[in-house]
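Here is a short briefing on how one model is put together.

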Amino acid sequence: MISKPMQAALSQQLNHEFGSSYLYLAMSAYCSYADFNGAAYWFKLQHEEEQFHATKVYDYLIEQGVQVALTQIAEPDADFSSLLAVFEASLAHEQEMTARLNDLSDLALKEKDHATYNLLQWFVNEQVEEEASIGAIIAKLGMVKDDGYGLLMIDNELGQRADLASA
Ligand code: FEO
């Protein structure tokens with residue numbers, strides 16, 4: 001059984017993972033509307049990945065015998081000025097998630113809760129990969145700026161992203 005403070009913090013993280021999923025769906029919707037169909041697909045997969053993260057936290061809480069309470073998910077930002085702005089917002093969001101996971105890891109160590117700490121390290125490692133892949137996309141978008149052909153090439157590349165099952 002995990003401690004009450006750890007249960008509360010993980011329940012909050014469960015909400016944040018669903019919030020991430022919701023945010024990425026909003027980003028996908030923006031990209032579809034702006035005719036960046038490759039990016040829309042990329043964010044849709046990101047939306048699914050965050051659902052997977054939420055489920056991972058949920059399953060762990062259930063396994064630990066916690067009575068899970070689902071809470072309201074915040075309305076995500078949905079208005080962006082460019083493809084670059086969407087990815088920059090995505091990176092800022094992931095950096096916030098990384099900070100949360102680091103705080104959660106600190107709490108798990110304070111509570112001497114090594115099972116939860118192990119679970120959290122999976123997420124911490126995942127954050128490194130997420131921040132790196134989004135950062136690489138931002139770098140490319142920075143290179144092409146407003147060049148239509150360049151944007152088309154990047155959008156096409158984003159549409160080639162492997163899905164969760166084949167990743
Ligand atoms: Fe579940 Fe992108 O952090």
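The largest nonpolar core holds 22 residues, and C31, F43 and F87 have the most contacts inside it. This is a predicted model.

**Nonpolar cores**
- The most comes from α1, which supplies 5 residues.
- Leaving out residues up to four places away in sequence, F87 touches A39, W42, F43, I134, I137, I138, L141 and L158.
- Another core lies apart from the largest one. That other core has 18 residues, including Y60, V66, L104 and L107.
- In soluble globular proteins, nonpolar side chains tend to be buried together.

**Helices α1 and α2**
- Helix α1 spans residues 4–33, and helix α2 spans residues 37–63.
- Their axes come within 8 Å. They cross at roughly 165°.
- An angle over 145 degrees counts as roughly antiparallel, and α1 and α2 are therefore roughly antiparallel to each other.
- The crossing of α1 and α2 is left-handed.
- Sorted by class, the contact of α1 with α2 has 15 nonpolar, 10 polar and 3 charged residues.

**Helices α2 and α3**
- The axes of α2 and α3 are 12 Å apart, and the two helices pack at an angle of about 15°.
- Angles under 35 degrees count as roughly parallel, so α2 is roughly parallel to α3.
- The α2 and α3 crossing is left-handed.
- On the α2 side, the contact is made by A39, W42, F43, Q46 and E50.
- On the α3 side, L83, V86, F87, S90 and E94 make the contact.
- By class, the contact of α2 with α3 has 6 nonpolar, 2 polar and 2 charged residues.
- F43 and F87 sit in this contact. F43 and F87 are also among the residues with the most contacts inside the largest core.

**Residue D163**
- D163 lies in the segment after α5.
- Its relative accessibility is 31%, so D163 counts as partly exposed.
- D163 touches Y41 and L45, leaving out residues up to four places away in sequence.
- D163 and L119 are 44 residues apart in sequence. In space, D163 and L119 are 23 Å apart, C-alpha to C-alpha.

Methods:
Residues numbered from 1 in each chain as written. Predicted model: local features only at pLDDT ≥ 70, side-chain atom pairs only at ≥ 80, totals over all residues. Heavy atoms only, no water. Axes fitted to C-alpha atoms, helices over the stretch in contact; angles between N-to-C directions. Helix = DSSP H or I, 4+ residues; strand = E, 2+ residues; numbered from the N terminus. Parallel < 35°, antiparallel > 145°, perpendicular 65-115°, else oblique. Left-handed = near helix turned anticlockwise from the far one by under 90°. Nonpolar A, V, L, I, M, F, W, Y, C, P; charged D, E, K, R; others polar. Core = buried A, V, L, I, M, F, W, Y, C linked by side-chain atoms within 4.5 Å. Buried < 20%, exposed > 50% of the residue type's maximum accessible area, 1.4 Å probe, protein only. Contact = heavy atoms within 4.5 Å.
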